[in-house]
Amino acid sequence: MQKKTGNFIITGIWVILFILFTVLIQTVDVNAIGPKDSSVGFASINGLVHEFLGVHRLWYTITYWLGFIPLSTAGVFAVIGLMQLVQRRSLLKVDKSIIALGIFYGVTIIVYVLFEFYIVNYRPILIDGYLEASYPSSHTMMACCFMAAAMLECGVLVKDKTVNLIVRIASVIIMAVIVIGRLVSGAHWFTDIIGGLLISGALIMGFYSVLSMLPESRPGKRRR
């Protein structure tokens, strides 16, 4: 019980860190260094990193298309949940981990939409001539959240250790390529990536905490 409580405490710490970082971005070293004189916090470090890395459209394109892989994992688990619902004829009989995963997806999407309306800062480059919301990096958030969730859910549903290992390795590679590639592409400020990692940590830890409360679907354990 103490371990389960500890998981939720860690989740809360991630949330607090994200909130604090978001506040700091809007108050510390805010200067108009973006396109069309758009402002961004931590302007000195963001400007240095962006100038050092430059803009690479190829990486922007690569990470754009790779972003469909995390989304496709959501589709796979949605199909699994739908099949269980049809076969068992009751939502209450669908695996609790699948239901928890669906809620996790919903919360992640809500966070994404929230920051499309509550704009902290804009991208360091124009997209088709327009300013776009940039914080937190949506590609970073979606890649980390969806791929990490896929690893956790596979650990619950799949007994084969080899399959789970392959899923973990592939997921980590996809996350790393998208996160690093998104920064290198120049499509985001450095702090956008950090913000994406922080909110991802909070969401993933929250999902893990919920799974750890389900006796039939604890991460890292196999059903007999």
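Author: The dialogue below takes up helices, a pocket, salt bridges, aromatic pairs and the backbone in turn.

Author: This is a predicted model, in which local features need pLDDT of at least 70 and side-chain atom pairs count only at pLDDT 80 or more, while totals for chains, interfaces and linings use all residues. Residues are numbered from 1 along each chain as its sequence is written, and side-chain values use heavy atoms, with hydrogens and water left out.

Reader: How many residues of α8 are buried, and how many of α6?

Author: Buried means under 20% relative accessible area, exposed over 50%, and partly exposed in between (1.4 Å probe, protein chains only). In α8, 18 of the 24 residues are buried, and the helix is mostly covered. In α6, 19 of the 20 residues are buried, so α6 is largely enclosed by the rest of the structure.

Reader: How is a pocket found, and what volume does the largest pocket have?

Author: Rolling a probe the size of a water molecule over the atoms shows where empty space is left. On a 1 Å grid over the protein atoms alone, a pocket is an open set of points with protein on both sides within 12 Å along at least five of seven lines, whereas a cavity is a set where a 1.4 Å probe fits but cannot get out; lining residues have an atom within 4 Å of a point. Grid points are joined across faces, edges and corners, and a volume is the space filled by probe spheres set on the points. The largest pocket has a volume of about 300 Å³. Its lining comprises 15 residues, with Gly67, Leu71, Ser138, His139 and Met142 nearest the centre. Two or more lining residues come from each of α3 (57–66), α4 (68–88), α6 (138–157) and α7 (161–185). The most come from α6, which gives 4 residues.

Reader: How many salt bridges does a search of the whole structure find?

Author: A salt bridge is a side-chain nitrogen of Lys or Arg within 4 Å of a carboxyl oxygen of Asp or Glu. The search finds 2. In one, Asp95 pairs with Arg88, the closest N and O atoms being 2.9 Å apart. Asp95 is buried at 13% relative accessible area, and Arg88 is partly exposed at 32%. In the other, Arg123 pairs with Glu132, with 3.1 Å between the closest N and O atoms. Arg123 is buried at 6%, and Glu132 is partly exposed at 30%.

Reader: How are aromatic pairs read, and how many does the structure hold?

Author: A pair of aromatic rings is described by the distance of the centres and the angle of the planes. Rings of Phe, Tyr and Trp (its six-membered ring) pair if their centres lie within 6.5 Å; planes under 30 degrees apart count as stacked, over 60 as edge-to-face and the rest as tilted. The structure holds 11 aromatic pairs. The rings of Phe18 and Phe115 have centres 5.7 Å apart and planes at 80°, so this pair is edge-to-face. Phe18 lies in helix α1 (residues 2–25) and Phe115 in helix α5 (residues 96–117), 97 residues apart. Both Phe18 and Phe115 are buried. Phe115 also forms an edge-to-face pair with Tyr135, at 6.1 Å centre to centre and 80° between the planes. Tyr135 is in the loop between α5 and α6, so its pair with Phe115 in α5 ties together parts 20 residues apart in sequence. Phe18, Phe115, Tyr118 and Tyr135 form one aromatic cluster.

Reader: Which backbone details deserve attention?

Author: The peptide bond from Tyr135 to Pro136 is cis, with omega near -15°, and Pro136 is in the loop between α5 and α6. Asp29 has a positive phi, near 50°, in a residue other than glycine. Asp29 is in the loop between α1 and α2 (43–53) and is partly exposed at 31%.
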